[in-house]
Amino acid sequence: MPSPSTTTTLPSGEAVPVLGQGTWMMGEDRNRAADEIAALRLGLDLGVTLIDTAEMYGSGGAEKVVGEAIAGRRDEVFLVSKVLPSNASRNGVVRACEASLKRMHTDRIDLYLLHWRGGVPLSETIAVFEELRQSGKIRHWGVSNFDTDDMEEMGRLRAGKGAQTNQVLYNLTRRGIEFDLLPWCREGGVPVMAYSPVEQGALADNKGLAAIAARHDATAAQLALAWVMAQAGVIAIPKATRLEHVRQNAAARDIRLTPEDLAELDRLFPPPARKRPLEMI
């Protein structure tokens, strides 16, 4: 089997890692900040250079943790953050972006996402995304938690084809996007960013996964993560605050799933046979 790909390509043509570091639930307790910063820095040392965060996480606390973790290493990092739909108006996006930049001590965000749809017209949010991109405060923009109809609606807008990714819930137990959303994104060359790729740790205890993982001298969590990364055009962004888990996540990039492995995983976690509403957590 060929070596797994370590990057995928944005519509802009830029290559980005298929494994990133998530920060959901970081920045909520300053007593844990040192461990969170150390975990992110170890990830960077191991070549996991995409970091995903959001203004919502820890009410800005996660972005502060990220800012400390990337201090002196900003040029190594592909930095992703998100704006809340309550801040998605023209003035709101500008204020939110400026606040995120300040918390992370940076002059730019590499990929800025609308966290989910709200009441502000998409056209208004995208217009200010484009203004921020032209000013250099963000390099790319995208969306999160958009279903197929949302992506189609956005694609009909004049600037809507500028979206570089759609970040959604995706893992072995949450395969609904495979019916229509994932094929739609692949057809348009838009990578999907998979949050909670190990189902918030639940898949780490799955006995069926553990049996397959044993053949690769890996853990069940590593196998679940390797499966996500093996999907064409998908970026996995697991969160890890323990150094051991950071190392295990990085090592999952080297797991080569065989056709037999994939068939067995399909039996354990069947792909969708019909359209399902987009899942969110």
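At what angle do the axes of helix α1 and helix α2 cross, and within what distance do they come? The axes of α1 (residues 33–45) and α2 (residues 61–69) come within 9 Å and cross at roughly 55°. That makes α1 oblique to α2; angles under 35 degrees count as roughly parallel, over 145 as roughly antiparallel, 65 to 115 as roughly perpendicular and the rest as oblique. Axes here are lines fitted to C-alpha atoms, for helices over the stretch in contact, with angles from 0 to 180 degrees between N-to-C directions. Helices are DSSP runs of H or I with at least four residues, and strands are runs of E with at least two, numbered from the N terminus.

Before going on, some background. This is a predicted model, where local features need pLDDT of at least 70 and side-chain atom pairs count only at pLDDT 80 or more, while totals for chains, interfaces and linings use all residues. Residues are numbered from 1 along each chain as its sequence is written, and side-chain values use heavy atoms, leaving out hydrogens and water.

On the α1 side, Ala33, Glu36, Ile37, Leu40, Arg41 and Leu44 make the contact, and on the α2 side Val65, Val66, Glu68 and Ala69. Contact means heavy atoms within 4.5 Å.

The second pair is α7 (residues 207–214) with α10 (residues 259–268), at an angle of about 175° and with axes 11 Å apart. These two helices are therefore roughly antiparallel to each other. Gly208, Leu209 and Ile212 of α7 meet Asp261, Glu264, Leu265 and Leu268 of α10.

Next, the aromatic rings. The whole structure has three aromatic pairs; rings of Phe, Tyr and Trp (its six-membered ring) pair if their centres lie within 6.5 Å, and planes under 30 degrees apart count as stacked, over 60 as edge-to-face and the rest as tilted. Tyr170 and Trp227 form a tilted pair, 5.4 Å centre to centre with 50° between the planes. Tyr170 sits in the loop between β8 (163–169) and α6 (181–187), and Trp227 sits in helix α8 (residues 220–230), 57 residues apart. Both Tyr170 and Trp227 are buried, meaning under 20% relative accessible area, with exposed over 50% and partly exposed in between (1.4 Å probe, protein chains only). Elsewhere, Tyr112, Phe129 and Trp141 form one aromatic cluster.

Last, Val83, in strand β5 (residues 78–83). Val83 is buried, with a relative accessible area of 0%. Beyond its neighbours within four places in sequence, Val83 contacts residues including Glu55, Ala96, Tyr112 and Phe129.
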